[in-house]
Amino acid sequence: MSGRTRPAEGAMTLAEMKEFASFAASTQRYIRRSLDVGLDRDDAMARWSRDVVESASIRAQAQHYRRLPELRALVPDDSGLDVAERLLAPLVTLTAFDLGQGRITSFSAYRFLYERLVGAEVRPWLPSAFCAGAALPHLHPELRRKLLQSISEAAATASGWSSRQPAFFPYWVEKVDPAALPN
């Protein structure tokens with residue numbers, strides 16, 4: 001039976017890779033950086049900082065992302081309203097920070113990142129958090145419009161969500177000089 005699930009897992013991983021490849025280069029870079037910061041992979045400051053502005057952004061991101069373990073623990077098993085405030089307040093705040101950086105420009109890129117930062121269990125809450133974060137006044141009106149138009153009707157009105165954890169977690173790969181490769 002486990003042989004049957006492996007091709008499906010491979011197909012899903014490939015689909016996740018294709019989705020990631022469809023994002024703009026700046027979005028891909030921000031997602032990889034965010035995963036390094038949020039999942040404590042490597043030294044995000046050393047790898048991603050190109051100037052003082054980006055250094056400050058990474059420090060602010062690390063400050064916000066310190067709440068990720070707490071946020072993961074808040075994701076409920078059900079969708080009852082009694083847990084909405086406890087979960088959505090920090091999730092919307094984190095969402096607003098990431099959207100305010102200007103590199104996540106669509107719901108699909110946001111969902112891709114947050115499924116990996118928080119886990120598959122957060123999927124039912126992502127449309128609400130995204131719409132709330134995208135509508136906040138700290139964003140330029142044109143960016144707000146673009147973000148809110150990026151969420152499809154299907155994503156906004158889904159009747160159910162997969163609980164399958166993401167398989168593809170993009171990371172930085174150093175360039176290799178082809179001349180240095182063995183024949």
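## Salt bridges around Glu-115

In this predicted model, Arg-123 and Glu-115 form a salt bridge in which the closest N and O atoms are 2.7 Å apart. Arg-123 has a relative accessibility of 10% and therefore counts as buried. Glu-115 is likewise assigned to the buried class, with a relative accessible area of 7%. Salt bridges with shared partners link both residues into one network, whose members are Glu-16, Glu-19, Arg-111, Glu-115, Arg-116, Arg-123 and Arg-164.

Glu-115 also meets the side chain of Arg-116 in a salt bridge, with an N to O distance of 3.6 Å. The relative accessible area of Arg-116 is 4%, so this residue is buried. The cut-off behind these assignments is a relative accessible area under 20%.

## The pair Arg-29 and Glu-54

Over the whole structure, the search identifies 13 salt bridges. One of them joins the side chains of Arg-29 and Glu-54, at 2.6 Å from N to O. Because Arg-29 belongs to helix α2 and Glu-54 to helix α4 (residues 52–65), this pair ties together parts that lie 25 residues apart in sequence. Helix α2 itself covers residues 25–38.

The relative accessibility of Arg-29 is 16%, which means that this residue counts as buried. Glu-54, at 10% relative accessibility, is classed as buried too. When neighbours within four places in sequence are left aside, the contacts of Arg-29 are Trp-48, Arg-50 and Glu-54.

## Negative charge on the surface

A patch of negative charge is present on the surface, where Asp-77, Asp-78, Asp-82 and Glu-121 gather.

The relative accessibility of Asp-77 is 88%, so the residue counts as exposed. The exposed class requires a relative accessible area over 50%. By contrast, the acidic residues Glu-115 and Glu-54 fall in the buried class.

Notes:
Residues are numbered from 1 along each chain as its sequence is written. This is a predicted model: local features need pLDDT of at least 70, side-chain atom pairs count only at pLDDT 80 or more; totals for chains, interfaces and linings use all residues. Side-chain values use heavy atoms; hydrogens and water are left out. Patches are made of residues with over 30% relative accessible area and no salt bridge: like charges are joined within 9 Å, nonpolar side chains (Val, Leu, Ile, Met, Phe, Trp, Tyr) within 5 Å. Accessible areas come from the Shrake-Rupley method with a 1.4 Å probe; for residues, only the protein chains shown count as cover. A salt bridge is a side-chain nitrogen of Lys or Arg within 4 Å of a carboxyl oxygen of Asp or Glu. Lys and Arg count as positive and Asp and Glu as negative; His and the chain ends are not counted. The place of a charge is taken as NZ of Lys, CZ of Arg, CG of Asp or CD of Glu. Buried means under 20% relative accessible area, exposed over 50%, partly exposed in between (1.4 Å probe, protein chains only). Helices (H or I, at least four residues) and strands (E, at least two) are DSSP runs, numbered from the N terminus. Contact means heavy atoms within 4.5 Å.
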